[in-house]
Amino acid sequence: MILDLDIGNTLSKWRLKDVISSEIRSRGAVWTREEWRPGADIPDLDVVSAVRISSVARRAVLEDTVALLQRRVGVVHVARSGREALGVTSGYEEPGRLGVDRWMGALAGYQLTGGCCSVDCGSAITIDFVLPGGRHLGGYIIPGLRLMKESLKLGTRNVAIDPDSEADELLAPGKNTVEAVNHGIYMAAVSAVNRIYAEVCDREGVALPLLLTGGDARVVSRGIRVPHAIWPDMVYAGLEACYPLTAAERAGKMAGAPHVPLPAPLERIRAGLAFSTLL
């Protein structure tokens with residue numbers, strides 16, 4: 001089995017993938033912590049032959065995790081952000097300072113679409129752009145839904161936004177404090193994503209495929225005005241592309257890759273942007 005780890009500052013996700021069939025056998029998630037307990041936090045390592053890691057946690061967390069895994073598993077791959085990989089050139093002045101989860105998402109999106117806007121809706125919402133030809137423009141980071149809610153300190157942090165709510169409902173004025181907070185932060189998040197996407201496409205003169213991932217991708221998706229796809233395994237797919245270990249991966253197949261709709265015509269994007277600017 002292959003163990004894939006996506007270690008975030010708050011939540012760490014894992015999955016087990018069959019080396020022969022390339023099928024996903026199991027998944028899980030735990031709070032990121034200093035010390036990992038195999039069998040409780042991560043799967044029993046006796047069945048694991050290789051590990052692939054994407055981590056944005058503190059260096060000590062990553063070092064302790066790698067040390068544990070290297071004692072039990074023969075092969076451990078740790079992804080790093082770099083100046084160039086898989087045809088993509090980083091737009092960061094210091095490429096190593098780009099969050100590796102963003103780098104993995106950008107690489108996966110480029111392999112799938114040949115140019116994209118990748119949006120990771122986690123603790124923070126990150127938005128990255130890769131043009132056709134592989135030039136990564138850099139990106140944007142805004143607070144995620146939970147961070148915005150916590151910042152208001154109104155006692156609503158544990159009342160989540162229902163991911164099945166309709167966008168029209170979430171964009172309407174709230175009738176109580178919880179609704180007002182939830183609808184306000186939702187409006188802020190989706191408005192930012194919509195505006196940033198339109199502004200960059202307009203400036204670069206290209207309509208890019210739009211991909212969403214992360215824990216809040218489903219709810220954010222409901223307020224996005226242009227065609228897009230949700231790809232829960234986008235960071236994992238970046239690990240697959242960088243460190244292909246199965247026959248399917250070596251053939252370029254990435255697990256869970258969605259059907260990506262054609263982007264809206266650039267003229268429509270520009271018309272919507274012009275209208276919102278007038279308002």
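How many residues of β8 are buried? Six of the six are, so β8 is largely enclosed by the rest of the structure; buried means under 20% relative accessible area, exposed over 50% and partly exposed in between, with a 1.4 Å probe and protein chains only. The model is predicted: local features need pLDDT of at least 70, side-chain atom pairs count only at pLDDT 80 or more, and totals for chains, interfaces and linings use all residues. Residues are numbered from 1 along each chain as its sequence is written, and side-chain values use heavy atoms, with hydrogens and water left out.

View 1. Helices (H or I, at least four residues) and strands (E, at least two) are DSSP runs, numbered from the N terminus. β8 and β9 run antiparallel and are joined by six bridges; two strands pair if DSSP finds at least two bridges between them. A hairpin is formed by β8 and β9, with two residues between them. The bridge partner of C116 in β9 is V130. With β11, β8 runs parallel, and four bridges join the two. C117 has L210 as its bridge partner in β11.

**View 2. The open sheet that contains β8.** The strand order is β10-β9-β8-β11-β12, five strands with mixed pairing. β10 and β12 (229-230) are the edge strands, and each pairs on one side only. Strand β11 (residues 210-213) pairs with β12 in the parallel sense over two bridges. L212 stands opposite I230 in β12.

View 3. D120 lies in strand β8 (residues 116-121). An unreviewed UniProt entry lists D120 under "binding site"; UniProt positions are given in the numbering used here, feature names are shortened, and annotations may be inferred rather than shown by experiment. Is D120 buried or exposed? Its relative accessibility is 16%, so D120 counts as buried. Not counting residues up to four places away in sequence, D120 touches D101, I125, T126, T213, G214 and V235. Contact means heavy atoms within 4.5 Å.

**View 4. The packing of helix α2 on helix α7.** Helix α2 (residues 100-113) and helix α7 (residues 234-242) pack at an angle of about 75 degrees, and their axes are 7 Å apart. That makes α2 roughly perpendicular to α7. Axes are lines fitted to C-alpha atoms, for helices over the stretch in contact, and angles run from 0 to 180 degrees between N-to-C directions. Angles under 35 degrees count as roughly parallel, over 145 as roughly antiparallel, 65 to 115 as roughly perpendicular and the rest as oblique. On the α2 side the contact is made by D101, M104, G105, L107, A108 and Q111. On the α7 side it is made by M234, V235, A237, G238, L239, A241 and C242. These contact residues divide into nine nonpolar, three polar and one charged. Ala, Val, Leu, Ile, Met, Phe, Trp, Tyr, Cys and Pro count as nonpolar, Asp, Glu, Lys and Arg as charged, and the others, Gly among them, as polar.

**View 5. P132 in its loop.** P132 is found in the loop between β9 (124-130) and β10 (136-143). With a relative accessible area of 51%, P132 is exposed. Leaving aside neighbours within four places in sequence, P132 is in contact with G114, G115, V206 and L208. P132 and D101 are 31 residues apart along the chain, and their C-alpha atoms are separated by 21 Å.

**View 6. The open sheet that contains β1.** Five strands with mixed pairing take the order β3-β2-β1-β4-β5. β3 (24-31) and β5 (75-78) stand at the edges, each with a single partner strand, so one side of each is left without a neighbour in the sheet. From one strand to the next the twist averages 15 degrees. Strand β1 (residues 2-7) pairs with strand β4 (residues 50-55) in the parallel sense over six bridges. D6 has S54 as its bridge partner in β4.

**View 7. Strand β2 and its hairpins.** Five of the seven residues of strand β2 (residues 11-17) are buried, so β2 is largely enclosed by the rest of the structure. β1 and β2 pair in the antiparallel sense over six bridges and form a hairpin with three residues between them. The bridge partner of L5 in β2 is W14. Seven bridges join β2 to β3, and these two strands run antiparallel. K17 has I24 as its bridge partner in β3. The hairpin of β2 and β3 has six residues between the strands, and S22 in this hairpin takes a positive phi near 65 degrees.
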